[in-house]
Amino acid sequence: MTFLLWIPASFARWIRLKIYQYEVTFAVYMLTPTEKFIFNSLLLTLISMIITAIYVYLPDHIRSIYGHLYYYWAGERPFISSALPSISSVFRETGTQTLEVMYETAKNNAAAATDTIREL
């Protein structure tokens, strides 16, 4: 039973320690209450803007990077950028397929060049 009473006290002590570390690290303990309020408000605003930007823009940025990686690996652009194939399917399917396509393209180009030379 005393263990259940110990948990909230331990948590409160941990919170007080973190507040103390924050105030000492950023020298907030030297500020007046008004300055503390302004500093904490600016810090909270900045952190909330960064988290919002990460939530809004990071998925699209990662999708764009993945599209570039897919293009460099497979040699073609995906048809629908929002429905890119999974990374495992790209490595499994296009690893050998790209070599086959390159071989067929080279063979066709060589045949076309040979036909052009024969016509001259």
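1. Let's start with a term you'll need: a residue is called buried under 20% relative accessible area, exposed over 50%, and partly exposed in between. Take arginine 63: its relative accessibility is 36%, so it counts as partly exposed. Keep in mind as you read that this is a predicted model.

2. Now for the overall layout. The chain has three helices and zero strands, and from the N terminus on its elements run α-α-α. How much of the chain is buried? Of its 120 residues, 8% count as buried.

3. After the helix comes glycine 75, which has a positive phi, near 80 degrees.

4. An unreviewed UniProt entry lists residues 37-58 as "transmembrane region". In the model, that span is 100% helix and 0% strand, and its end C-alpha atoms lie 31 Å apart. Do remember that such annotations may be inferred rather than shown by experiment.

5. Next, the loop between helix 1 (2-25) and helix 2 (33-74), where you'll find alanine 27. As background, most residues other than glycine have a negative phi. Alanine 27 has 29% relative accessibility, so it counts as partly exposed.

6. On to charges. Side chains of opposite charge can pair when their charged atoms come close. How many salt bridges does a search of the whole structure find? There are two.

7. One of them joins the side chains of glutamate 23 and lysine 36, at 3.7 Å from N to O. This pair links distant parts of the chain, with glutamate 23 in helix 1 and lysine 36 in helix 2, 13 residues apart. Are these two buried or partly exposed? Glutamate 23 is at 22% relative accessibility, which means it counts as partly exposed, and lysine 36, at 23%, counts as partly exposed as well.

8. Another salt bridge brings us back to arginine 63, whose side chain meets that of aspartate 60 at 3.5 Å, N to O. Here both residues lie in helix 2, three residues apart, or about one turn of the helix.

9. Last stop: the surface. Which residues make the nonpolar surface patch of about 960 Å²? They are Phe11, Trp14, Ile15, Leu17, Ile19, Tyr20, Val24, Tyr29 and Met30.

Technical notes: Residues are numbered from 1 along each chain as its sequence is written. This is a predicted model: local features need pLDDT of at least 70, side-chain atom pairs count only at pLDDT 80 or more; totals for chains, interfaces and linings use all residues. Side-chain values use heavy atoms; hydrogens and water are left out. Helices (H or I, at least four residues) and strands (E, at least two) are DSSP runs, numbered from the N terminus. Buried means under 20% relative accessible area, exposed over 50%, partly exposed in between (1.4 Å probe, protein chains only). A salt bridge is a side-chain nitrogen of Lys or Arg within 4 Å of a carboxyl oxygen of Asp or Glu. Patches are made of residues with over 30% relative accessible area and no salt bridge: like charges are joined within 9 Å, nonpolar side chains (Val, Leu, Ile, Met, Phe, Trp, Tyr) within 5 Å. Accessible areas come from the Shrake-Rupley method with a 1.4 Å probe; for residues, only the protein chains shown count as cover.
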